[in-house]
Amino acid sequence: MKNYTITVNGNVYDVTVEEGASTGAPVAAAPAASAGAGSVKIEAGAAGKVFKVEASVGQAVKAGDTVVVLEAMKMEIPVVAPSEGTVASIDCAVGDAVEAGALLATLK
């Protein structure tokens, strides 16, 4: 394993890279998020950076409404509500680097 300190857009990240691992670029882990307050999880479909948070806690959303927008490979990828509900928690912030499957928000 090798440790690196990387600065991206003025943000400093400490990353650990396992030698011989996958060829994908290392992604800095987002700060530990709270266990979401709602029962319906909204997770990242791909690794990327949180570009925009479009919903807020307490906001009613319908299935298909955009909750968070990720940026990956210079593309904006909307992450949508899987069902109708009320946003219970937002578990990310603009600028966070997230991995696929990371919890972004919850609905109740």
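In this predicted model, E54 has a relative accessible area of 40% and is therefore partly exposed. This residue is one member of a salt bridge with K52, in which the closest N and O atoms are 3.8 Å apart. K52 likewise counts as partly exposed, at 37% relative accessibility.

**Salt bridges**

The structure holds 2 salt bridges. The second pair to be described here is K49 with E71, where 4.0 Å separates the closest N and O atoms. Because K49 belongs to strand β4 and E71 to strand β6, this pair ties together parts that lie 22 residues apart in sequence. K49 is partly exposed, with a relative accessibility of 30%. E71 is also partly exposed, its relative accessible area being 28%. The two pairs are set out below.

| Salt bridge | Closest N and O atoms |
|---|---|
| K49 with E71 | 4.0 Å |
| K52 with E54 | 3.8 Å |

Strand β4, which covers residues 48–53, pairs with β6 in the antiparallel sense over 4 bridges. Strand β6 itself spans residues 66–72 and is mostly covered, with 5 of its 7 residues buried.

Strand β6 has a further antiparallel partner in strand β7 (residues 75–80), to which 6 bridges join it. Within this pairing, T66 stands opposite V80 in β7. Strands β6 and β7 form a hairpin with 2 residues between the strands, and M73 in this hairpin takes a positive phi near 50°.

**The open sheet**

Which strand order does the open sheet of 4 strands have? The order is β3-β10-β8-β5, and the pairing is antiparallel. Strands β3 (40–43) and β5 (60–61) stand at the edges with a single partner strand each, so one side of each is left without a neighbour in the sheet.

Strands β10 and β8 are adjacent in that order. Strand β8 comprises residues 85–90 and strand β10 residues 103–107, and the two pair in the antiparallel sense over 3 bridges.

Notes:
Residues numbered from 1 in each chain as written. Predicted model: local features only at pLDDT ≥ 70, side-chain atom pairs only at ≥ 80, totals over all residues. Heavy atoms only, no water. Pairing = 2+ DSSP bridges. Buried < 20%, exposed > 50% of the residue type's maximum accessible area, 1.4 Å probe, protein only. Salt bridge = Lys/Arg side-chain N within 4 Å of Asp/Glu carboxyl O.
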